[in-house]
Amino acid sequence: LIQQLESFNQYTKDEVNQMADLGREGVEAGALGFSSSKTLLHKDINGEYMPGTFSGNEEMLALGLGMKGLNNSVFELVSDHLGEDEEWEWVKDFQKQTGLTVTLIATTAPAYRNNKMYNLAEQARLEGHEIRPQAAGRPTGVLHGLQSSFHAFVGHPTWKRELASLSHEELVNKLLDPEIKKKILSEETTIKNELMQDLPSLMGQVFPLGENPNYEPEFKDSVAGIAQEQNTDVMEVMYDLLVQGEGKELFYQPLGGYHTYDLEPHKKLLEHPNVLFGLSDGGAHCGVIADAGMPTFIMTHWGRDRTRGDKLPLEFIVKSLTSSTAEAFGMFDRGYLKEGMIADVNIIDFDSLRLHRPEAIFDLPAGGRRLVQRPEGYEITIKAGEIIFDNGTHTGALPGKLVRRSNEKKEANLQ
């Protein structure tokens with residue numbers, strides 16, 4: 001019902017109250033909270049924007065008030081507008097009126113410029129607001145490639161008309177044809193997205209990943225930087241890089257927050273006590289994003305391998321990935337190696353820990369594609385006291401259970 005009403009974006013007061021009642025019913029039944037999307041990035045299979053995209057502040061407030069008084073319930077919001085002061089003022093007022101923990105995900109670059117997200121987190125902390133911005137270990141990014149769902153030429157007429165339906169082998173052979181290359185490079189994209197309207201500039205934020213992915217690259221590592229070094233047209237370089245190596249190369253494009261070409265602003269944000277480590281998409285957007293390896297990236301890059309600035313203490317990283325996140329969502333039965341806690345444990349060979357390059361596999365129904373990134377170095381994974389992975393191989397054990405919201409109130413100074 002919520003989705004049906006949202007799709008029309010026309011509600012009566014009674015309908016909004018009905019949605020709030022349904023939300024409360026779900027949280028009372030065990031949901032951790034209510035999550036909503038106000039970003040143009042989220043569309044369904046038919047290209048329709050997701051419920052919540054254009055919701056007004058009064059509607060969001062009604063949904064939040066529907067959960068008022070339910071211990072540990074969380075309101076999560078992903079928004080394109082967190083770089084705007086008006087949106088932030090609304091979020092603070094929302095948290096004050098509802099009393100809920102609010103966790104935020106910013107999806108546009110303005111929210112990260114001039115340390116804005118850090119400053120907002122600090123303001124919330126000083127004013128006593130339980131507002132927890134989420135930050136990834138690196139900017140969330142889409143992966144371009146012929147085996148991804150997206151690349152710079154997907155909106156070009158020749159691609160759409162002649163190439164989109166070909167098998168991978170047929171596609172690479174076609175793209176190696178000089179006439180096809182000439183035709184595509186002479187065209188303009190039909191995609192109306194603002195970034196896609198200036199593809200040469202976008203190439204300054206697109207980076208070949210190669211065999212050993214570098215997620216803190218410099219401008220010279222970008223497609224535009226490579227073209228500049230070669231004194232070659234940037235879109236021709238992009239085209240050639242797409243088809244080299246049997247057309248299996250993938251390219252990282254940060255969606256926001258990488259305008260400085262380093263991760264120093266990210267480090268500052270990750271260190272803030274109100275910030276949660278998040279945004280490790282694994283099942284969502286599986287044809288263009290492979291961020292399920294984010295915890296491994298955080299441990300290896302920030303805890304061991306970073307060369308372009310200071311690292312983060314490993315103890316801080318482990319705490320942030322475990323107990324800090326668990327407590328934020330009211331899951332007080334996990335996150336610590338402590339008697340009485342759920343025995344969820346990873347035994348890691350830290351020196352050997354690494355992420356392989358992302359790759360496309362085609363094991364979904366009807367041969368559907370998903371991007372995966374395989375880790376190495378996890379010796380044993382234990383869930384609720386049972387070994388479920390042994391050196392990356394599933395043992396067959398399935399001890400996991402449905403996670404439900406806890407009514408338990410947080411202890412003061414839980415250690």
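# Notebook: loops, helix pairs and salt bridges

**Entry 1: two Asn residues.** I started with Asn 72, which counts as buried at 19% relative accessibility. For my own reference, buried means under 20% relative accessible area, exposed means over 50%, and partly exposed is in between, with a 1.4 Å probe and protein chains only. Asn 72 is found in the loop between α3 and β2 (74-79). Its phi is near 70°, a positive value in a residue other than glycine. I noted that most residues other than glycine have a negative phi.

Then I looked up Asn 115, in the loop between β3 (101-106) and α5 (116-126). Phi of Asn 115 is near 60°, also a positive value in a residue that isn't glycine. Asn 115 counts as partly exposed, at 26% relative accessibility.

**Entry 2: ground rules.** This is a predicted model, where local features need pLDDT of at least 70 and side-chain atom pairs count only at pLDDT 80 or more, while totals for chains, interfaces and linings use all residues. Residues are numbered from 1 along each chain as its sequence is written, and side-chain values use heavy atoms, with hydrogens and water left out.

**Entry 3: α2 and α3.** How do helix α2 (residues 13-28) and helix α3 (residues 57-65) pack, and at what angle? They pack at about 35°, and their axes are 8 Å apart. Axes here are lines fitted to C-alpha atoms, for helices over the stretch in contact, and angles run from 0 to 180 degrees between N-to-C directions. α2 passes α3 in a right-handed crossing.

Contact means heavy atoms within 4.5 Å. By class, α2 with α3 gives 5 nonpolar, no polar and 1 charged residues. The classes are: Ala, Val, Leu, Ile, Met, Phe, Trp, Tyr, Cys and Pro nonpolar; Asp, Glu, Lys and Arg charged; the others, Gly among them, polar.

**Entry 4: α8 and α11.** Next I checked helix α8 (residues 178-185) against helix α11 (residues 234-247), whose axes come within 11 Å and cross at roughly 135°. α8 and α11 are therefore oblique to each other. The cut-offs are under 35 degrees for roughly parallel, over 145 for roughly antiparallel, 65 to 115 for roughly perpendicular, and oblique for the rest. The crossing of α8 past α11 is right-handed. Ile 180, Lys 181, Ile 184 and Leu 185 in α8 meet Met 235, Glu 236, Tyr 239 and Asp 240 in α11. I sorted the residues of this contact into 5 nonpolar, no polar and 3 charged.

**Entry 5: Met 203.** Is Met 203 buried or exposed? Met 203 is buried, at 0% relative accessibility, and sits in the loop between α9 (199-202) and β6. Leaving out residues up to four places away in sequence, Met 203 touches Ala 152, Ser 222, Val 223, Ala 224, Val 234, Met 235 and Met 238.

**Entry 6: salt bridges.** I count one when a side-chain nitrogen of Lys or Arg is within 4 Å of a carboxyl oxygen of Asp or Glu. By this rule there are 24 salt bridges. Side chains of opposite charge can pair when their charged atoms come close.

Where do Arg 306 and Glu 216 lie? Their side chains meet in a salt bridge at 2.8 Å, N to O. Arg 306 lies in the loop between α13 (294-305) and α14 (314-321) and Glu 216 in the loop between β6 (207-208) and α10 (223-230), so the pair ties together parts 90 residues apart in sequence. Both Arg 306 and Glu 216 are buried. I also found a network in which salt bridges that share partners join Glu 89, Lys 92 and Glu 127.

Glu 89 is partly exposed at 45%, whereas Lys 92 is buried at 9%.

**Entry 7: α13.** Last, I looked at how covered α13 is: 9 of its 12 residues are buried. Among them are Phe 297, His 301 and Trp 302.

Conventions. Helices (H or I, at least four residues) and strands (E, at least two) are DSSP runs, numbered from the N terminus. A crossing is left-handed if the near helix is turned anticlockwise from the far one by less than a right angle, and right-handed if clockwise.
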